[in-house]
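The two exercises below are to be worked through with the sequence and the coordinates at hand.

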Amino acid sequence: MKVILDSRQIEKTLKDLAGRIIAETPRQADIAAIGIRSRGEILAQRLSSRLSKMLGKDVPCGTLDITLYRDDLNSPQSAAQPQVRTTEIGFDIDDKIIILVDDVLYTGRSTRAAMDALIDLGRPRAIRLAVLVERAGREFPIQADYVGYKADVEPGKLVQVNLVESDGKDEVVVD
Amino acid sequence: MASTRKNKPFIWHRKHLLGLRELNAEEITYILDTAKGFEQISTRSVKKAPPLRGKVVVNLFFEDSTRTRNSFTLAASRLSADVIEFTEKASSVSKGETLLDTARNLEAMGVDIVVIRHSAAGAPKFLSRNINACVVNAGDGYCEHPTQGLLDTYTIRKIKGTLEGLKIAIVGDIAHSRVARSDMWAMTKLGAEVTFVGPPTLMPTEVRQLPVKVSYSLDEVIDKVDVVNMLRIQFERLGGNPFPSIREYSHYFGLTVERMKRAKSDILVMHPGPINRGLEMESEVADGSNSVILQQVTNGLAVRMAVLFLVNQAAAQTS
């Protein structure tokens with residue numbers, strides 16, 4: 001097990017991500033963060049509070065459960081049976097710039113599912129993808145707009161993002 | 001897909017939902033937790049999600065039903081399944097033969113999930129042993145109506161937070177009620193204390209073997225319970241003279257405004273529908289602030305979506 005980001009580096013990465021999002025988003029645009037359960041949810045909360053502070057206005061935050069949109073639901077090979085949880089987005093996503101937040105971008109399948117789930121909720125002005133860690137191994141033509149850290153990880157290895165809220169400490173490890 | 005790191009995730013493994021008696025508390029809780037995730041589908045702009053896309057659900061109803069059938073149809077549609085409505089009144093051939101023939105026909109059509117209502121207790125179980133499709137019981141005889149039991153439990157849990165320690169009265173024609181039985185299994189397994197209330201003529205003969213208290217007087221329990229579930233008097237099932245008159249039944253077992261004055265202020269008033277207004281309860285009570293009757297209907301949709309989703313998941317993983 002190798003630590004690739006420690007807690008200080010995670011915070012710095014998020015600060016950096018927030019700065020880049022603000023730099024590239026038109027001032028007058030309505031922006032909101034939506035995290036993919038479950039680590040993306042926490043990262044989206046941290047990102048939205050940073051964005052709120054930096055912009056001096058409220059950047060709403062929501063949580064997306066993508067289970068019903070997964071492409072492996074009917075596949076007997078799928079490793080674990082996913083549990084359906086709630087999507088909690090307490091605002092209208094129409095005409096907003098949605099920063100979709102996930103912990104790791106790997107195959108791109110979660111992102112595909114998340115985009116389909118979002119579109120069933122309304123018509124955002126744009127969806128931009130922000131991830132803490134990106135690694136090679138895309139199976140779909142999907143790229144992130146904001147990447148915190150590019151990890152050089154061999155296929156088959158697991159990139160694990162641990163966060164204080166869910167795991168007791170902040171760190172990204174390769175297993 | 002992101003990795004999940006829960007210690008020992010619960011796996012739902014039943015491809016049939018035949019009754020709640022056979023489920024344990026963990027399984028019941030899992031269905032209710034899953035249903036939470038389906039609630040929002042009905043409130044958003046596109047009221048549809050794709051998990052049952054390409055699947056075929058048949059509503060195989062041998063008894064009349066409006067709300068349960070519509071609820072299952074809508075639940076299946078919202079999950080993007082195709083739905084076949086199959087209505088067949090019981091024919092002169094013996095039930096077993098009819099059912100098996102029907103089952104074979106359904107198999108030939110490539111049906112994935114059969115939602116069945118039948119006057120014979122055990123019909124869903126019989127079907128589940130003879131076809132490959134998933135079977136969901138939508139009411140069998142006086143035995144079970146598991147999705148009603150689940151939606152009642154879901155409604156209570158959503159408002160009260162937990163079933164643990166709650167006192168629940170189920171009132172009326174217990175003997176002919178599959179709702180009472182499914183409610184009893186689900187609610188007692190989750191830690192509630194259930195009392196069956198009704199005239200002795202409408203109590204099942206085996207009631208002493210069931211995990212419930214029994215009372216023959218609504219007045220005796222109304223001030224002590226957190227939830228009161230008023231069953232419908234099923235005139236179509238009642239033979240003989242179980243009570244002298246409707247007025248007398250109503251006098252002793254109807255939920256009246258007067259009786260409600262003695263109830264806890266936050267008591268939940270439930271009814272599986274359709275209501276005989278003025279008989280099981282007065283209109284003012286049915287439409288009053290303690291009534292959660294319409295929430296039961298709304299929650300039923302989420303619960304049925306969860307059930308259809310879960311049995312299909314179990315089938316996918318065993319295929």
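**Exercise 1.** State which residues the domain assignment of chain B gives to domain 1 and to domain 2, and then describe the contact between these domains in this predicted model.

*Solution.* Step one is to read the assignment, in which domain 1 of chain B is made up of 16-144 + 299-318, while domain 2 of chain B covers 146-297. Step two places the two domains relative to each other: taken over C-alpha atoms, their centres are 25 Å apart. Step three turns to the contact, where residues count if their C-beta atoms, placed from the backbone, lie within 7 Å; domain 1 of chain B contributes 24 residues and domain 2 of chain B contributes 23 residues. Step four looks at the domain 1 side of chain B, to which helix 1 (25-39), strand 5 (134-140) and helix 11 (293-318) each supply at least two residues. Sorted by class, this side of domain 1 of chain B has 12 nonpolar, 7 polar and 5 charged residues.

**Exercise 2.** Work out in which order the 3 strands of the open sheet of chain A are arranged, and explain why one side of strand 1 and of strand 7 is left without a neighbour in the sheet.

*Solution.* Step one gives the order 1-8-7, with antiparallel pairing, and a twist that averages 30° from one strand to the next. Step two follows from the edges: strand 1 (2-5) and strand 7 (159-162) of chain A each have a single partner strand, so one side of each lacks a neighbour in the sheet. Step three examines one pairing, in which strand 7 of chain A is joined by 4 bridges to the antiparallel strand 8 (residues 171-174) of chain A. Within strand 8 of chain A, A:Glu171 is the bridge partner of A:Asn162.

Notes:
Residues are numbered from 1 along each chain as its sequence is written. Chains are lettered from A and ligands numbered from 1 in the order in which they are written. This is a predicted model: local features need pLDDT of at least 70, side-chain atom pairs count only at pLDDT 80 or more; totals for chains, interfaces and linings use all residues. Domain bounds come from an automatic or database domain assignment. Two residues are in contact if their C-beta atoms, placed from the backbone, lie within 7 Å. Ala, Val, Leu, Ile, Met, Phe, Trp, Tyr, Cys and Pro count as nonpolar, Asp, Glu, Lys and Arg as charged, and the others, Gly among them, as polar. Two strands pair if DSSP finds at least two bridges between them. Axes are lines fitted to C-alpha atoms, for helices over the stretch in contact, and angles run from 0 to 180 degrees between N-to-C directions.
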